[in-house]
Every structure is written in structure tokens, then in C-alpha cells.
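Please keep the coordinates at hand while reading.

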Amino acid sequence: IVSRLTGYPEEMLGLEMDIEADLGIDSIKRVEILSALEEHLPHLPKVTPDMVGTLKTLGQICDYLCAHVAPASAPPPSPVAAMPATGVAPSEITQALVGIVSRLTGYPEEMLGLEMDIEGDLGIDSIKRVEILSALEEHLPHLPKVTPDMVGTLKTLGQICDYLCSSHAPQSEANLSAAPGLPAMNTSFDHPIARYEVLPRLFAQSGKGRFNPARGYPIGVICQDAIWAKAIVTALTDASYDVKLLNETAELSSTVPNLAGLVMCAPMAPAEAFEWAQRSAPLLLESAGHGHALFYTVSRLDGAFGLNGGPLENPQQGALAGLTKTAAIEWPSVHCRAVDVDPQWPAASAAQALVTEITQHYDDPCVEVGLGSEGRTSLQMAITELPATTSLELSSTDVIVAAGGARGVTAAAVLALTETVRCSVALLGRSPQPQDEPAWLAPLCDEAQIKQAILQHVFKERAPSPKALEKAYRQWMSNREILRTLDAFAQQGVRARYYPLDIRNAQAVAATLAIVREELGPVKALIHGAGVLEDRLIIDKQIDQFQTVYNTKVQGLLSLIEAMREDDLRYMVLFSSISARMGNKGQADYAMANEALNKLATQESFQRPGCKVVSINWGPWDGGMVTPSLKRAFENSGVQLIPIPSGAAAMIAEMGQPPSKSVEVVIGAPLPLANTVNTGGTPKAHEPVAADVMVQAVRREIDAGRCPVLQSHCLDGRPVVPLALITEWLAHSALHANPGLVLHGIDGLRLLKGIALDQNKKVIRLMAGGIKRNGQVYEVDVEVRDGSQNGAGTVHSKAKAILADYLPAAPHFDENGHFKPTPGLPSLKDIYSRILFHGDALKGIEKIVRLSKSGMTAQIRCAPAPESWLHDPMRSRWIADPLVLDCAFQMAIIWCHEQQGLVSLPSYAHSYRQYRDRFPADGVTAVLEVVKATDRKMVADFTFLDQKKAVIACMTGYEAVMDPGLFKAFGVKAA
Ligand SMILES: NC(=O)c1ccc[n+]([C@@H]2O[C@H](COP(=O)([O-])OP(=O)(O)OC[C@H]3O[C@@H](n4cnc5c(N)ncnc54)[C@H](OP(=O)(O)O)[C@@H]3O)[C@@H](O)[C@H]2O)c1
């Protein structure tokens, strides 16, 4: 407990050490330690406050507790404590692994060999692999952990077993993480579905700095447009860069082994762009290790990624941004930026602006930047109301063509559509015409049972490979899904036919469309939901995998558009993906294809003015490609899925919008706020840091002169840095190291050792660890340490900062009587003079509305600009609001005083979440709800609301220590 609450490693703590002199543990921390010990071992005798000062060493505390423990109250020995940490026999591990693989894949155990390649032989994808390992971890919690980055390196089941049996593997934390605590705050996003529009916004200078490759490391330029190529090469050379113009056949690794940057300009076929990216990746990653490395793609859509509202000449150039946004995620050490230049701009000025991006805005975390004569453009995602459903212009004689509509989420959406418009439906897919299920299959639902049955009935002669079995299984399941879809249309009384074809084949599509018109009637709507996935990192992806994914979406759409040129379409709905907007690890091809789809939609909306064209960038659905394994993976990382009825209703509502409006929309979770700016993809630190290594983000000298606010926060006559300000600094550490993200929260905020100032100045260092993605958010360990240059020094406070690309929508707050005034409350003047020690700068409570045993409500003003508190602030505006937080802690003191007769100081907060990027200027209402109070400690939750009672932020599991000794430190009389 002492180690946890002070941050000293256990091995550093000796029982003979003087608690105050050797360990620097002040009286408040001592009370906190004893109260934690009391919670952990409730049968121990109590150390009363007056005794606290007499027990000088940890040993004395132990002796006291042992001497006074009542024999009958000793807790029974824990059976867990007696268990060895590991000691699992290799055969047991093998058996468990094989059993789990069989259960989760449906392959019979006897088919599984330890030498089999997990991907090649068993066709187990990365998600399934994680699921298998987590099931194994649950089953054998004492085994070492296989971390996600290791998953890809263990290629066979045997290798996994060997690794787990080896003594080198680090021990799992599963059995160590039983520390009592509140459940983790739900970082999932409450609303199942949200809609955003993507808007171009001019933005001023953002980020500074120049790309500085190591000496002898050139920038390669690929550009087939001679005028444009010359302009870029000239501008880069003028900016003193070593430039190499690369041609199509250049063997990168032999001609430019020291490649530090790649600038790749449209026009360029998407597959070619992908191959250049793939070939340059190892060189750029290598160069990043020697300094800077950059990867730029340059499209020329309209200077705003096709979002300026005009027609586009070459919409497939949009694919380049999908590639770059994914590269930004996969190559965190390489500076990646997708630039879209206004094609009307003369080449020389445009090239100059492009080069300015790397000579002046290198630190800018924006991954997508538009360039035009008016300036730089970023893309902002604005949340918009889900449109109301209006009636659609489709009659019973019309036909909807649904590519990929016989299965998955497209089938569900079309079925919902035909509930409202009873037209005929033509379903296109590659699977053959469905056949009735044989009697041996029809009653089976369980994957393992079905695979067993396939083995018996389909592979009678010869045992298949696991992959062949998987293929047969999938075919039967597609057949079943198509039968069910056709049956569901029949139940609705809708005429639906299935046409097997590959939509990449333009001739087949044209011929099939002719048959559709003849058999069903005039085609009035197209829904393009055909798609496939081949998730692999850019460096690992085969070009044919890229082609399959890209062409199914894009070539498929082009075939359909061509075949429907003469059809009087009223609706065209394209199923795109959030991966296009954000990029996604392993999905460069998919992000590129869906970005191309978005831009083709814009183009088509001009070609067909009377037709409602919309490209919906869907977040993940609860169905279709989101297999049960993937669904569990999303759930584990707090990502909410689109419920099928909500997604289907959203599609129908989009179809009812006027044709010219919102061609490109994003629908799904999480929900951003309307004013949240999208910096485009995932920003990355230029110097990647391993997650467990703390790196100094900022070093500052502080003293009472430079920090005038500290004069208003003195304990025992000495200025002490308020925890609210420390929280702000912790947030700054995380954001400093990860520009472009926003602060969504702070978890596990612990005050380990207060920062008290004497006459002298004090040095503090803000530290940040590497960034880790956790579902929709990112986590960064942060600390405030002292200025010690040797070793780690004293850690004053630590926490985990929660960063996000966008802030999610706030939860609803139930008023529940929190605003009902309590009569006869003491005046604030009285409170500030009699109970609180805070000086003028921190007298932020403006009105106490309610105070009762269960909690308190007060109105609080927000902090003034940082420079009025600190002469040299770290930012021009606050990240959270330190005055609001400090006043919340003041409320806790008032509550403790009025209800418990003691005063308190903060020690810990389990979780803080913020739903806006700034607090409102007109102040907040803070609601404190007491969760638990003993005579030493209070635990409470806070909610901060704006004038309309909408939630701005909340803090759960706030803990404050109460102690009579604090009256003296506060300089106030005991209650
Ligand atoms: N599910 C999600 O969470 C999600 C999220 C974002 C976007 N989306 C998009 O929504 C669409 C539907 O996704 P889903 O989850 O329903 O996927 P799914 O269950 O895998 O269905 C994909 C459909 O596309 C068809 N298809 C694939 N390649 C084809 C080709 N070359 N020619 C004709 N048909 C082809 C498949 O039929 P055959 O196998 O019979 O060819 C199948 O009907 C996709 O475009 C996907 O990118 C889905």
C-alpha cells in the first residue's frame, strides 16, 4: 500500500525507515495509507488519528497492528496466496490451446497439428488469434501473457506453446490485478448512432518546425506530370533539400537506399501508389531512426479533398488520402501528410505552398491538409441531426439493384427499405444461385457441429486441410444467408431475385442488368454494398490482396455506373467506411477504396442531378463483416456497434435527403461534438516512445513569484501546488507528446507527494510514456516528477491520460433533486473565512445551492486565462479548468466539515472524463454525490454542468482524506 500510494518501489521500502524523515510521507498521506490498509484488512485494529504521529516507522505500525490484533479476527489464509505463480505442465498448455482453438474455430481437435501455420494452414485471422489467446489466458491465468505485438510473430500453435512454456516469457498480470477499486469508467459512447458531415475549414498557421533529414538522406519525388514535377523539384531544391526525381521503374532500395522522404503526386493509379508506399516503407522507417522521415501524397481534387462542392475530374485520386491516413497509423515515426492542392492553382505557387508544409508546418499534427490560393484547409467533422425519414420516390413497379445485397448488412438495410417501399429487388453477389440445404445440414446451427457434418458428408473420401474445410463451411453459410434473405423478401410480398456475378466484371454486370430490366422492370435505385476485407499491414499486403479489396469496391462501382448510364436512377447509395475517413491499421486498400467511393459519389451527384447520391462512411455494424470474434474485440475495446435496425433506418433517412445535400456522411459511433476539429487520422509523435518508457515532455522552474496563484493556496503557511493545477500539467504532458489529439479524461489520478514551495524555486518535470490505443481512445501514462537529474527522482503525481481524436457526446445527467435549494446554508464569506484556506484567486464558488448528507450542489466560476495565474503558462488556454476542479475539491472540504466535522484534502480520483474542449465562460454547476464516507476518507463523484444542465465533465471515485491535523494546516479552527 505504501508503495502504491507513494510511488516508491516496494524493494526500496525498509521497515526501519522513518516515515517522515526517510520517506517524506506527510501526515495526510499517512492517514491515507492507514485508511487503505484498513479497507484492505478490515479485521486489523484501528490506528486512531492521535496515534498516527507516534508510530514513526513502517515497522512500528506493523508491530502495533500485530500486537493488537484479536486472535479470532485474523483472516483465513488466502488459498490464492498459497498457489504457485506458474507451474502449468507443457502438456496441459498444449491441451488447453488445442481445445480452445477447436472450440473457437470449429475445427475438430484431431485435425489440429502443432506444426500448422496459424494463418496459412488454419486460416485464423488476427482477430480470432487474439480471441484464442484471451480465452487461453482466462483458462490458465497464471501463464505468461502473449502481448498483441507478439501475436504476429508466433506463427504456429507449437510456437505459442513453446513461448508459454519458456521461462523467458514475462509473467501475466492477470493474477496480480486484483487490487480493489471501482470498475473502469465506461469509455464507450452512449448513443448507438450519430451522423456527421465532413466540412472543409480554412485554418491558420498550426504547428511549426522544418523537416530536417540527416545529411545525405534525399527526398524522392514521383510525379508523372512534367510541369508539376519540375515545380516541386525546384521548390524543394530551393529549400536546400537533396531531391531525386524517381521514375516508375526505380529500384528504390538500390538507387536511393537513404531515402528520407517520399512525395507522391497524382495522377497515379491507386495500386501503383500503394506499391510505392510499400516499397518505400522500410527505407523511410530506417531513416526515421536517423532523424526525420516523411511520406506525402499530393492529390489535385479541389484543394479540399473534393469537399468544396464542385465536380471532380479524377475522383479516384481521393484514394491517396486513404493510403496516407493508414500509413500515419502504421508508421508512427514517419511524418505522413495527405495534401490536396487546388488544380486551378499555377504549378509554381502550388509547389511552393506544398514545400512550405515541410519547411514551416512540419510539427502540425494534421494528416489531411488542403492547399489553395485562399490558404490551408483542414477537414472538420460536424455532428448533425439524424435526418427525419421522409417518403421515398419509389413505387411497386420500380427496381432496386443491391450489389452485395443478398447477405450481410446490405441485405438487412434493403429489407428495411422494402418494408416502406414495395418495389422489386435484384440482388447481386458472387455466390452461386442458392440451393436448398441438405437434411444433414438444415437443423445445425453450431459452427463446430456444422464443420463436423461437412467433414462427414462433403469430404467422405479424403480429409481436407483446415483451410479447405473453412472454405466449404463459408460457402454453406453464404448459401444459408442468401436463402434466408430471399425468404424474408418473400414474407414481405416483395419480388426479389438473386443474380450471381462478380461485379468487377463490367460485361457481366451490363448483361445482368439487361436481364434485370426485362425480368423485374425499370431500375430506379442502386445500393452498392459489395465489399471484401484482406486486412494486412502495408508492408505485408500482397498486391493481389490489394486489387481484390480495391476493385470490388471501385471497379465494381464503375461497372455498375456504366451499366446504368441510361437508367433514370433516383437513388444511389454507396456503402463506404469510417476507415476511409480515419485510416485504419491493416486496411490501406479498404481505406483507399472507400475514399475513392466517396469522391466517385460526389462526381456522380453532378452527373445525375435528379438522383440522390450518398456515400455513407459507416462505423462498424453489429453484423455482416463484423463476425462474432470481431464483435467481441470491439466490445472489449469499448467500441459500440451500429445496431442493424438503426443503421438500416439511417440509410433510409439519408435517401430521403434532397439530392444536392450531404453526399459524404459518416454514421456510427463515437460521437464527436459539433465544434470538434478533425485533424485527419491519427496524429503521431515524431519520436515514438515505448509505452513503458517515460520521457520528459517539459521541464519547468516554479516559484511563488512566477506562479501568483500559489499565494492563494498555502498550507501550513507554505504555497502548495493545487492538485487541480497538477491535473492540468498531467494533461499537458500527454498532449505535448501527442499533438492533434484532445484530452478526454484522466484515470487513476494519484497525488503521491504534494509540491510545496519554500523560498527557493523548485524544478518540476512533466513526463509522458508512449501512446497506446485502447478502442476509441488512446492512453498515455503521465507523471509530474521533481527536478532530480539522477534516476527517476520523486514522483509527485501520476495518472493515465485518456486522449481521443474526437470527444464523444456527453452522457445525460438525471436532475434527481440535485438542484433543490437547501434553506439556511452558511454564507460563502463565512465558509471562505471559517472553513477553507483558499485565497482570492481560488475563491471560485459563487453559490451553494444544496448541501445534504448525500451531497452538494454549487455554482462555480471558471478559471481566468492561464497568464493571470502563471507568468509563463504552458498553454494559452486551459485544457480542463483548474478553478472548477479546485472548487469541486473545496466543495468536498465543505461537505466533510458540515457533515463529518473534519476538513479534507484530495488524494486520488479514479476517473475524470471531459466532453468539451473548453469549459463555458459563464461558469458551471457542480454536483457532488457522496459514494462513501468513513471517519478518515470520503469517496464522491462530481458532475459539471453548463447553464442548460448539459454535462461538460465528470469525475468518479474522487477520494479525499479527512484528518483533524488538517485544521492546523488550513489555519482554521476545528469544527
Ligand atoms: N459490417 C460493417 O460493420 C461495415 C462497416 C463499414 C462499412 N461496411 C460496408 O458495408 C458493405 C457490406 O458489408 P457487410 O458487413 O455486410 O459485408 P459482408 O457480409 O461480407 O457482405 C459483403 C457482400 O458483398 C458481396 N461481394 C463481395 N465481393 C463481390 C463481388 N466481387 N461481386 C459481387 N458481390 C460481391 C458478398 O457476396 P458474395 O460473397 O456472395 O460475393 C456479400 O454479399 C461493405 O461494402 C462494407 O465495406 C460494413
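The structure is a predicted model. The protein contains 27 helices and 28 strands. It has 975 residues, of which 56% count as buried. Among the contacts with a separation of 6 or more, 77% are accounted for by residues 24 or more positions apart.

Helix packing comes next. Two packed helices are described by the angle between their axes and the distance between the axes. The pair formed by helix H6 (residues 90-105) and helix H9 (residues 157-165) packs at an angle of about 140 degrees, and the axes are 10 Å apart. An angle counts as roughly antiparallel over 145 degrees and as roughly perpendicular from 65 to 115 degrees; H6 and H9 are therefore oblique to each other. Their crossing is right-handed. On the side of H6 the contact is made by Pro 90, Ile 93, Thr 94, Leu 97 and Val 101, and on the side of H9 by Leu 157, Ile 160, Cys 161, Leu 164 and Cys 165. Sorted by class, the residues of this contact of H6 with H9 comprise nine nonpolar, one polar and no charged.

A second pair consists of helix H15 (residues 408-420) and helix H23 (residues 644-655), whose axes come within 9 Å and cross at roughly 60 degrees. This crossing makes H15 oblique to H23, and its hand is right-handed. H15 contributes Ala 412, Ala 413, Ala 416 and Leu 417 to the contact, while H23 contributes Ile 644, Ala 648, Met 651, Ile 652 and Met 655. The contact of H15 with H23 has nine nonpolar residues, with no polar and no charged ones.

The crossing of H16 and H17 is right-handed. From H16, the residues Glu 447, Ile 450, Lys 451, Ile 454 and Leu 455 meet Leu 469, Glu 470, Ala 472, Tyr 473, Trp 476, Met 477 and Arg 480 of H17. In the contact of H16 with H17 there are eight nonpolar, no polar and four charged residues.

Attention now turns to the aromatic rings. A pair of aromatic rings is described by the distance of the centres and the angle of the planes. The count comes to 15 aromatic pairs. In one of them, the rings of Phe 575 and Trp 618 have centres 5.5 Å apart and planes at 65 degrees, so the pair is edge-to-face. Phe 575 belongs to strand E13 (residues 571-577) and Trp 618 to strand E14 (residues 612-618), so this pair ties together parts that are 43 residues apart in sequence. Both Phe 575 and Trp 618 are buried. For Phe 813 and Phe 819, the ring centres are 6.5 Å apart and the planes stand at 70 degrees, so this pair is likewise edge-to-face. Phe 813 is buried, with a relative accessible area of 13%, and Phe 819 counts as buried at 19% relative accessibility; the cut-off for this class is under 20%. Beyond these pairs, one aromatic cluster is formed by Phe 889, Phe 942, Phe 944 and Tyr 958.

Two individual positions complete the account. Leu 259 lies in the loop between helix H11 (252-255) and strand E4 (261-265). With a relative accessibility of 0%, Leu 259 counts as buried. Its C-alpha atom is separated by 5.5 Å from that of Pro 218, a residue 41 residues away along the chain. Leaving aside neighbours within four places in sequence, Leu 259 is in contact with Pro 218, Ile 219, Gly 220, Leu 252, Ser 280, Leu 283, Leu 284 and Ser 287.

Gln 603, by contrast, lies in a helix, namely H21 (residues 588-607). Gln 603 is buried, with a relative accessible area of 15%. Apart from neighbours within four places in sequence, Gln 603 is in contact with Pro 311, Leu 312 and Pro 315.

Definitions and conventions: Residues numbered from 1 in each chain as written. Predicted model: local features only at pLDDT ≥ 70, side-chain atom pairs only at ≥ 80, totals over all residues. Heavy atoms only, no water. Axes fitted to C-alpha atoms, helices over the stretch in contact; angles between N-to-C directions. Helix = DSSP H or I, 4+ residues; strand = E, 2+ residues; numbered from the N terminus. Parallel < 35°, antiparallel > 145°, perpendicular 65-115°, else oblique. Left-handed = near helix turned anticlockwise from the far one by under 90°. Contact = heavy atoms within 4.5 Å. Nonpolar A, V, L, I, M, F, W, Y, C, P; charged D, E, K, R; others polar. Phe/Tyr/Trp six-rings, centres within 6.5 Å; stacked < 30°, edge-to-face > 60°. Buried < 20%, exposed > 50% of the residue type's maximum accessible area, 1.4 Å probe, protein only.
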